[in-house]
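Trainee: I have a model open and would like to learn how to read it. Can we go through it feature by feature?

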Amino acid sequence: MAYKDTHLWSLFEVSDGERGCHQSRRLVEQFNRSREHIKLIAAEINRDAPNLTQHDISHIDALWEYADLICGDSYNLNPAELYVLGIAFLVHDLANGVSAIPGGLAEIARNARWKDSVATEYRALHGVYPAPEKLLEIVPEVHDRAVQRYLRETHAEYAAKLPQVSYSDPTSGSEYYLIEDVELRTQYGHLAGKIAASHWWPTKILRREFGVKIGARAGMPDAWHVDPLVLSCILRCADAAHLDSRRAPAILRAIRKPAGESEAHWVFQDKLQKPHLKDDRLVYTSLSPFKKNQAEAWWLCYESLTTLDGELSAVDTILSDTGRNRFRAKSVAGVKDLEEISRNVTTEDWHPIDARVKVTDVVSLVSRLGGKELYGANPRVALRELVTNAADAVRAKKAMLTGAGVFAWEVQGDITVGLKEEDGKTSLVVRDTGIGMSRDVLAGALLNFGTSYWDSVEARRDLPGLISSGFRPTGQFGIGFFSVFMIGDSVKVISRRYDAAASETFVLEFQNGITQRPMLRNAESNEQLPAGGTEVRVILNESIDKILSIGMGRRGGKKLVRTLAEVCAWLCPALDVDLYVSHDAGRSLVVEANDWQILNDEQLVNRLYIDEESGSDELLKGAINGKLLPVACKDGEVAARVAVSKPVSHFVTAYDEDSDEIRHSTITRLSAPVIVGGVRSSVELSGVAGLVLGRTERAARDLAIPLLEARDFAEWASQQALSLENGGAGRRLKLVELIAELYGDTAHLHIATSSAGPMDYAEVVDFSASRQRIIFVHDAAWWNYRNELRRQDDATESVLNDDVLLIDAGRHYPLGGIDARANSSSMYAWSTHGTKGFYGPNSVTGRVLAAVARAWEVEEARLSEEFEKRDRSDAVKAVNVGKRAGSDVRLRPMVTLTREGFF
């Protein structure tokens, strides 16, 4: 059916006197001229979006036919309404192609959302967001995908402008309009564009935007009013209903070869036939069945029909509630019953069943995955997550405003944490002066458990330019907020967008946790925030001491209760946002943005180690080797401030039940927390004191990996080695392992032992140069043998043979373990990733093998490979490695290598 054969089109011919006939002919003529222009532009859409089904003039013309079917053949519109509806049909999808946008790609590139699209597609391909400078050089693959994303997300917004924009010809200087008639363009262009844009709006917005009927234009019959609410309903339903083979011709699918979900769209629309109306239901059928390998397409078809059913139902409610004529089609047949719809849209050799993953107990899911099951029983997690979210909001505001040309120093943003006593209850309050949330975000994205707002289409729409500005949120899983219910059930979230008025402050209030629906309301005058931002208030279920208790005291091992300021500084030691703690006299700054880089060592140590049981400055100083030195990434940005941590013995005092004093010796060795987004993760790197910036890909932040690579520590490790002294065997090996693991020069540190005693790298080179054979023995085997003799009170000395070299081939992963207080399991071996492990260049064994390879003039890689191969062989038998009272000492060696075997 041609569009001119539809019932709606025929209404142009309904006479309304001589004046009406004249105006109707004028509208028809101008519409057809616009259609010819738009026909050319629409033909270009699939050049920019080849995966899309047909969006050319055939789709636009088909909307008249589908509007007829949905409205019914007795539904009447006047010529003015038909003209406005026709223009909306013409432009609603036109901006899916670059050609529709005046200025083309150059115009698109000036829009902040273009860079956001590029950043999003870059991340989709590479797993990380690009640095801002990367956006200056966009590779073709990212560019093409970004164009499609940008057009898909913004085409409706452009549709609102197209009826009034001009297209310039730089050669002739001429200007062209989609609506040539100046009067019609001026009078109806804006309204038609707004109706076109509305096809992507939520239906709830339609009544608010289109509640008023527009009176007849001067010069037209009085009855020719325009009802934009009805027209917007017709457009969205007709557009959603156009699902048939005309949109996805098989021959075009073969030519374009769409992939992924796009292919599924092509497959199902090619199979669908034109629907028919049965009673008040649209009935869709397929001519050929969906085979097993087309199941994804069938389900996509089902979802599309379900979406259409929802549109028809919502529109029917709107028309009925507002007293307007209802459409004849009110639903889609079969979408409520898979068996019924599969009789119409058939399958072959398989049966659609509703096997989707279901969440029948949302409250239980949120309680488990947003609380103790994910984070453990540590109540400080809630404080950490609230501060993390607040910091993200402040960073977002700074990124938005500096991107808009505001100087960074002019952008205010901070976080304040406080305790409030009221009616005998204690509330924890966390307030930020960040980006703030609108009513829609409070009611939608915040409560959308498991979905991050920062990565959403809504964020790119609400905050254009944010993602491409270099803003990188710490929170990325959409669950951190719900940890607040670990510490309380009564929660208020008060928020105001940074660019909104004080009267636009909203409150989301939970009275009884997540077991009841929260209330969204306008803030009362005393709740309104004086500046943009968010405040979270939670009435604590338990004593605040559980949040403030960190570390063990000396008396009976009781927890030490710290001040809120101490806990906040300890928990957030490297924030890039100013953090305050409020008190009766006002508030005090406890962490200044990025001050961890400039604090003196004593200040930083006192911030990081309030959980140490001693608290003694002398003890802490004794455990730190030298100064806390900065370590930078390849790009020069400082990502750690650390020193080697030395084990320190000291006495502590405890008391038994009878208050008898008991003194016992203990060893303290500080660990450096891995910091994610300015706050502590659960990972601490042993062997070093200070802090290391990191990243995590887990919602609980129980695992974190340093931003630095192990090789980035090489210069620092070499400097540390120069200031270390060789001590006892256990302590020496711990320290030298640390230096080796971080690719440092072990310098004078002992890495092996021979009959001459402990040796450093240079001494191992000299030892190896004078030998044709070396028997490598694990030093633990030798020392265990000697210790066993001592247990037998055997004082006879054992002496190594001259060609035996004792080495420590084990690896303690000094930078690879989670602190036992957080988790007893081992983490991913960060520093050994991509190496040979025990025999890699960043191991004690690796340093020994490097020394031997140098002495024997052999490639280090070849020697290491042979060593590893032989060490893993079961054929090695015990050999003579030493002497004891005239008899041989026989132990199983790791490897025996001969010099001539390499030549």
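Trainee: How many disulfides does the structure hold?

Mentor: A disulfide is a covalent bond between the sulfur atoms of two cysteines. The cut-off here is a pair of cysteine sulfur atoms within 2.5 Å. The structure holds 0 disulfides. Take Cys568: the nearest cysteine sulfur, that of Cys572, is 6.1 Å away. Cys568 is also buried, at a relative accessible area of 1%. Buried means under 20% relative accessible area, exposed means over 50%, and partly exposed lies in between, with a 1.4 Å probe and protein chains only.

Trainee: What should I know about the model itself before going on?

Mentor: This is a predicted model, in which local features need pLDDT of at least 70 and side-chain atom pairs count only at pLDDT 80 or more, while totals for chains, interfaces and linings use all residues. Residues are numbered from 1 along each chain as its sequence is written, and side-chain values use heavy atoms, with hydrogens and water left out.

Trainee: How many helices and strands does the protein chain have?

Mentor: Helices (H or I, at least four residues) and strands (E, at least two) are DSSP runs, numbered from the N terminus. The protein chain has 30 helices and 31 strands. Of its 903 residues, 51% are buried. Contact means heavy atoms within 4.5 Å. Among contacts between residues at least 6 apart in sequence, 68% join residues at least 24 apart.

Trainee: Now a single helix. What span does α5 reach, and what is expected?

Mentor: The expected span is 1.5 Å times one less than the number of residues. Helix α5 covers residues 79-91, which is 13 residues. From first C-alpha to last, α5 reaches 19 Å, close to the 18 Å expected. α5 is mostly covered, with 13 of its 13 residues buried.

Trainee: Which residue caps the N-terminal end of α5?

Mentor: Asn78 does. One of its side-chain oxygens lies 3.0 Å from the backbone nitrogen of Ala80. A polar contact is a pair of N or O atoms within 3.5 Å; within protein, one must be able to donate a hydrogen and the other to accept it, and residues adjacent in sequence count only if both atoms are side-chain atoms.

Trainee: Which side chains make polar contacts with Asp239?

Mentor: Those of His59, at 3.1 Å, and His92, at 3.2 Å. Asp239 lies in helix α11 (residues 228-241). Asp239 counts as buried because its relative accessibility is 15%. Leaving out residues up to four places away in sequence, Asp239 touches His59, Leu63, His92, Asp93, His199 and Arg247.

Trainee: On to sheets. What is the strand order in the sheet of 8 strands?

Mentor: Two strands pair if DSSP finds at least two bridges between them. This open sheet runs β10-β9-β8-β11-β7-β6-β14-β15, with mixed pairing. Its edge strands are β10 (519-522) and β15 (586-591), each pairing on one side only. The twist averages 20° from one strand to the next. At one end, 4 bridges join β9 (residues 506-510) to β10 in antiparallel fashion. Glu509 has Met519 in β10 as its bridge partner.

Trainee: Which strands stand at the edges of the sheet of 3 strands?

Mentor: The order is β27-β29-β30, an open sheet with antiparallel pairing. β27 (798-800) and β30 (887-891) each have a single partner strand, so one side of each is left without a neighbour in the sheet. Neighbouring strands are turned by 45° against each other on average, direction ignored. For angles, axes are lines fitted to C-alpha atoms, for helices over the stretch in contact, and values run from 0 to 180 degrees between N-to-C directions. Helix α28 (residues 779-791) lies across β27, β29 and β30, at about 165° to β27. Between β29 (residues 879-884) and β30 there are 5 bridges, and Gly882 stands opposite Val889.

Trainee: Where does a positive phi turn up in a hairpin?

Mentor: Look at Gly677, in the turn between β20 and β21, where phi is about 65°. The hairpin has 2 residues between its strands.

Trainee: Is Asp423 buried or exposed?

Mentor: Asp423 counts as exposed because its relative accessibility is 74%. Asp423 is a non-glycine residue with a positive phi, near 55°. Its place is the loop between β6 (414-422) and β7 (425-432).
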